[in-house]
Amino acid sequence: MAVEDTQPLISHLIELRKRLLNCIIAVLVIFLALVYFANDIYQLVAAPLISQMPIGSSMIATDVASPFFTPIKLTIIVSVFLAVPVILYQVWAFIAPALYRHERRLVMPLLFSSTFLFYIGVAFAYFVVFPLAFGFFTKTAPIGVTMATDITKYLDFVMTLFMAFGVAFEVPVAIVLLCWTGITSPDDLKKKRPYILVGAFVVGMLLTPPDVFSQTLLAIPMYCLFEVGVFFSRYYVGKGRRAQDEEHNTES
């Protein structure tokens, strides 16, 4: 391989390292600012379950070190969560030079909307799904069974739901992208509504813990977001492909 051919690769790797370091620094700064409040953050996340538990009961720690490490683990996750805008900007700054002009005009709105929808999905899980789900679980416990949830298992459970709802709320962005590139169209998607509805419940089954309640609470909003995506996608049908063809013609 010629020296000239290696130069672009090296410059890309240097740029990638710079962007990754910026992401790590952003997460680290946020973590250092929040780590003092690690226990308070865990209490905030655990509040939907604690408020539904019987009077006098509490969460438990089955591992000696988990009361210390579990809130720290949660704080790291929250730090990454809060650093998402910075991380997405670094991704944008890295890929922007390789994009066409029409693609650069679309990427920033997509990054903003995808971040916003992810946060909305997490908020929906915390404020709507958790109170309903935990209220249902605590009220259906058999007589004589005392509910005492391990703090580590609870964190794993809620993080799974947070990620599931955050990703599921990206459906409108995915549909707009598919229609913008010309891969599909709103009319084709409308014809597949029955399959999409079934698919939403299948995805809900795969992404959430194995209970029908959580699966339904994910599947229904996901299908509603599909309809939202179909509505807005009609304004973007094939625009990406046409714009790319126009730019190719202009360059030639």
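A pocket is an open set of grid points where a 1.4 Å probe fits, with protein on both sides within 12 Å along at least five of seven lines. In this predicted model, the largest pocket has a volume of about 460 Å³.

**Stop 1: the largest pocket**

Start by selecting Val 45, Val 78, Phe 81, Val 122 and Phe 162. Of the 19 residues that line the largest pocket, these are the closest to its centre. What classes of residue make up the lining of the largest pocket? The lining has 19 nonpolar residues, no polar ones and no charged ones.

**Stop 2: Ser 79 in helix H3**

Stay on helix H3 and select Ser 79, which is found there. Is Ser 79 buried or exposed? Its relative accessibility is 0%, so Ser 79 counts as buried. Show the residues around it: leaving aside neighbours within four places in sequence, Ser 79 is in contact with Val 27, Ile 30, Phe 31 and Leu 34.

**Stop 3: Thr 115 in helix H5**

Move to helix H5, which covers residues 101-139, and select Thr 115. Thr 115 counts as buried because its relative accessibility is 11%, and the cut-off for buried is under 20%. Not counting residues up to four places away in sequence, Thr 115 touches Val 84, Pro 85 and Leu 88.

**Stop 4: aromatic pairs**

Now display the aromatic side chains. The count comes to 16 aromatic pairs. Select Phe 124 and Phe 169: their ring centres are 5.6 Å apart and their planes lie at 40°, so this pair is tilted. The pair links distant parts of the chain, with Phe 124 in helix H5 and Phe 169 in the loop between helix H6 (151-168) and helix H7 (171-180), 45 residues apart. Phe 124 is partly exposed, with a relative accessible area of 23%, whereas Phe 169 is buried at 7%.

For another pair, select Phe 134 and Phe 157. Here the ring centres are 6.0 Å apart and the planes are at 45°, so this pair is tilted. It too links distant parts of the chain: Phe 134 is in helix H5 and Phe 157 is in helix H6, 23 residues apart. Phe 134 is buried, with a relative accessible area of 3%.

**Stop 5: Pro 221 in helix H10**

Select Pro 221, whose place is in helix H10 (residues 212-233). Pro 221 counts as buried, at 13% relative accessibility. Not counting residues up to four places away in sequence, Pro 221 touches Phe 124, Phe 169 and Thr 216; the two Phe residues are the tilted pair of the previous stop. For a distance to check in the viewer, take the C-alpha atoms of Pro 221 and Ala 168: they are separated by 8.4 Å, although the residues are 53 apart along the chain.

**Stop 6: helix H7**

Finish at helix H7. Seven of its 10 residues are buried, so H7 is largely enclosed by the rest of the structure. The buried ones to select are Val 171, Pro 172, Val 173, Ile 175, Val 176, Cys 179 and Trp 180. Just after H7, look at Gly 182, which takes a positive phi of about 85°.

Notes
Residues are numbered from 1 along each chain as its sequence is written. This is a predicted model: local features need pLDDT of at least 70, side-chain atom pairs count only at pLDDT 80 or more; totals for chains, interfaces and linings use all residues. Side-chain values use heavy atoms; hydrogens and water are left out. Helices (H or I, at least four residues) and strands (E, at least two) are DSSP runs, numbered from the N terminus. Buried means under 20% relative accessible area, exposed over 50%, partly exposed in between (1.4 Å probe, protein chains only). Contact means heavy atoms within 4.5 Å. Rings of Phe, Tyr and Trp (its six-membered ring) pair if their centres lie within 6.5 Å; planes under 30 degrees apart count as stacked, over 60 as edge-to-face and the rest as tilted. On a 1 Å grid over the protein atoms alone, a cavity is a set of points where a 1.4 Å probe fits but cannot get out, and a pocket is an open set with protein on both sides within 12 Å along at least five of seven lines; lining residues have an atom within 4 Å of a point. Grid points are joined across faces, edges and corners, and a volume is the space filled by probe spheres set on the points. Ala, Val, Leu, Ile, Met, Phe, Trp, Tyr, Cys and Pro count as nonpolar, Asp, Glu, Lys and Arg as charged, and the others, Gly among them, as polar.
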